[in-house]
Amino acid sequence: MSVLVNKNSKVIVQGFTGSEGSFHAQQMIEYGTNVVGGVTPGKGGSTHLDKPVFNSVEEAVQKTGADTSIIFVPPAFAADAIMEAADAGIKVIIAITEGIPVADMMKAKPYIVERGATLIGPNCPGVITPGEAKVGIMPGFVFKKGRIGIVSKSGTLTYEAADQVAKAGLGVSTAIGIGGDPIIGTSTKQAVQLLMEDPETDAIVMIGEIGGNYEAEAAKWIRETGNKKPVVGFIAGQTAPPGRRMGHAGAIIGGADDTAAAKMRIMRENGIHVAESPAEIGATMAKALGVDA
């Protein structure tokens, strides 16, 4: 079993023929992801990267049976693309686009929830189940197959965590980059819950940033549900001055608990093993699991 995407996922690319869509679709195909086609309005009936192009997601679903979509659509149109995918019956929607207007996402999020779809992002690196499917922009070679799940608000630290886990002699079951925008489809807690329920995930790395309360919410939920699997946490931005927030997380106001020190304290109070730096993630996980790094 895997979380969200696997070798059986039928993936379409919205914004398929654009420069970003083309580049990353090619990388996904080369990784072995089952990309069954793409969507670019007005170019339906053509082929691109030896895959069919459709005018709409509905047509793509009807012709290919697609169940997963990745979105490389400009910000002004991306929320519509998200809602179009949900309308067509896509169950896993991964929005890479950065800078989608908040007002647009306020409409899109409840729309997809009502239709039973799962949205990852926007402004995220995507999801990867190593050796099976890469639906995102992450460097696939960094991720070695194993039984450690990763949930991260930061794209770069997702890759760093995967590398540190590999150096500790462990591997990754599924890595989920949730994105750091003010309104995202899947919170840290929701992503952690998916991995907690996955029988092929033995432990979880949870990476956050200053700004917002996602990590505190997840930590408290983990404790309340009995700490079923070891969790290693890391918070980026530990040297930032008080009140400062990181990059895309800057629009998120979380109050007194949104500093790195406060989040790390909350993690410890809720039974989470805390890594003091990215370089310690692998060793901290090995220690939590009782194995030699």
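Student: Hi! Where is the place of Pro122?
Tutor: Pro122 sits in the loop between strand S7 (118-120) and strand S8 (126-129). Strands here are DSSP runs of E with at least two residues, helices are runs of H or I with at least four residues, and both are numbered from the N terminus.

Student: Okay, and what should I know about the model and the numbering?
Tutor: This is a predicted model, where local features need pLDDT of at least 70, side-chain atom pairs count only at pLDDT 80 or more, and totals for chains, interfaces and linings use all residues. Residues are numbered from 1 along each chain as its sequence is written, and side-chain values use heavy atoms, with hydrogens and water left out.

Student: Back to the proline. Is the peptide bond from Gly121 to Pro122 cis or trans?
Tutor: The bond from Gly121 to Pro122 is cis, and its omega is near 10°. As background, most peptide bonds are trans, and most residues other than glycine have a negative phi.

Student: Fine, then which way does phi go at Leu49, positive or negative?
Tutor: Positive: Leu49, which is not a glycine, has phi near 55°. Leu49 lies in the loop between strand S3 (47-48) and strand S4 (51-54). Asp50 is in the loop between S3 and S4 as well, and its phi is near 65°, again a positive value in a residue other than glycine.

Student: And is Asp50 buried or exposed?
Tutor: Asp50 is exposed, at 77% relative accessible area. Leu49 counts as partly exposed, with 26% relative accessibility. The cut-offs are under 20% relative accessible area for buried, over 50% for exposed and partly exposed in between, using a 1.4 Å probe and protein chains only.

Student: Switching to helices, what does Val61 touch?
Tutor: Val61 belongs to helix H2 (residues 57-64) and is buried at 19% relative accessible area. Not counting residues up to four places away in sequence, Val61 touches Ala66, Ala88 and Ile90, where contact means heavy atoms within 4.5 Å.

Student: What about Leu170, which residues is it in contact with?
Tutor: Leaving aside neighbours within four places in sequence, its contacts are Ile148, Val165, Met285, Ala286, Leu289 and Val291. Leu170 lies in the loop between helix H5 (155-167) and strand S11 (172-177). Its C-alpha atom is 29 Å from that of Asn213, which is 43 residues away along the chain.

Student: Zooming out, which domains does the assignment give?
Tutor: Domain 1 covers 11-120 and domain 2 covers 138-289, with bounds that come from an automatic or database domain assignment. Taken over C-alpha atoms, the centres of domain 1 and domain 2 are 27 Å apart. Nine residues from domain 1 and eleven residues from domain 2 take part in the contact.

Student: How many helices and strands does the chain have?
Tutor: Nine helices and 14 strands. The radius of gyration is 18 Å, close to the 19 Å of the globule rule for 293 residues, so the chain is as compact as a globular protein of that length. That radius is taken over C-alpha atoms, and the rule is 2.2 Å times the number of residues to the power 0.38.

Student: Last one: how much of the chain counts as buried?
Tutor: Of its 293 residues, 54% count as buried. Among contacts with a separation of 6 or more, 73% come from residues 24 or more positions apart.
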